[in-house]
Structures are given as structure tokens and as C-alpha cells.
Amino acid sequence: MADELPVIREILMEQILINLVSGALGGIGAGKSSPTFDLGMAGNVISGLVGGGVLGQVVTLLLPSVMAAAQSGNLSVGGVVSQVIAGGAGGAILTAIIGAIKNKAAA
């Protein structure tokens with residue numbers, strides 16, 4: 001049991017890093033796609049990191065297959081792809097929401 005804990009922690013850390021990187025890229029993409037959503041480079045990256053991290057973890061909890069693969073020590077292609085999609089979407093969604101609110105308040 002004690003030997004399994006570092007493996008699970010390492011895989012969970014890899015999933016979180018995948019979520020954060022893809023979230024930052026999703027935030028940049030959403031911010032640069034429309035001037036309505038743009039928060040500047042730093043704002044897009046920060047909101048993308050937060051959105052990617054949150055939605056990526058929610059998807060991990062909602063999809064038992066991703067969690068089961070992580071706990072068994074198998075980091076499958078499907079699990080990585082779902083983490084990338086969830087992180088990117090989360091980053092893009094949060095950046096778009098914050099950008100729209102910021103620009104609506106400024107107008």
C-alpha cells in the first residue's frame with residue numbers, strides 16, 4: 001500500500017500539469033480569438049490556468065474510467081486526451097466569461 005501512494009500521486013500530478021498547460025493554451029486561444037474576450041497575455045494565461053485546473057479536475061471526478069486508469073498506474077491515451085480537452089475547454093470558457101464581464105463593465 002505504501003508503495004502505491006507515490007505512483008498515484010505522480011500520475012495525479014501529471015494530470016494536473018496537463019490540465020494547467022492545456023488550460024493556459026485554451027485561455028490564450030479564447031482571448032486572442034476575439035477582442036471581446038481578450039484580457040491581455042497575462043490575464044488570458046492566468047484565467048486559462050484556473051479554468052483548466054478546475055474543469056480538468058471535475059472531469060477526472062466525473063469520468064470513473066480516467067480515475068481508474070490513474071489509480072491502476074496506466075496513463076492511457078484516452079485519459080490524456082480527455083484531460084487535454086477538459087483543460088483547454090475550461091481555460092477557454094473561463095477566459096471568455098471573465099473577458100465578456102470585464103469588457104461589458106468597461107462599456
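K32 is partly exposed, at 48% relative accessibility. Here buried means under 20% relative accessible area, exposed means over 50%, and partly exposed lies in between (1.4 Å probe, protein chains only). K32 forms a salt bridge with D38. A salt bridge requires a side-chain nitrogen of Lys or Arg within 4 Å of a carboxyl oxygen of Asp or Glu. The closest N and O atoms of this pair are 3.7 Å apart. D38 has a relative accessible area of 23% and therefore also counts as partly exposed. The structure holds one salt bridge.

The model is predicted: local features need pLDDT of at least 70, side-chain atom pairs count only at pLDDT 80 or more, and totals for chains, interfaces and linings use all residues. Residues are numbered from 1 along each chain as its sequence is written, and side-chain values use heavy atoms, with hydrogens and water left out.

The protein contains four helices and zero strands. Helices (H or I, at least four residues) and strands (E, at least two) are DSSP runs, numbered from the N terminus. The order of elements from the N terminus is α-α-α-α. Of the 107 residues, 33% count as buried.

Helix α2 spans residues 40–62, and helix α4 spans residues 77–106. Their axes come within 6 Å and cross at roughly 130 degrees. Axes are lines fitted to C-alpha atoms, for helices over the stretch in contact, and angles run from 0 to 180 degrees between N-to-C directions. The two helices are therefore oblique to each other. Angles under 35 degrees count as roughly parallel, over 145 as roughly antiparallel, 65 to 115 as roughly perpendicular, and the rest as oblique. The crossing of α2 and α4 is right-handed. That term applies if the near helix is turned clockwise from the far one by less than a right angle, and left-handed applies if anticlockwise.

I97 lies in α4. Its relative accessible area is 45%, so I97 is partly exposed. The C-alpha atoms of I97 and S47 are separated by 9.6 Å, with the two residues 50 apart along the chain.

V58 belongs to α2. This valine is partly exposed because its relative accessibility is 36%.
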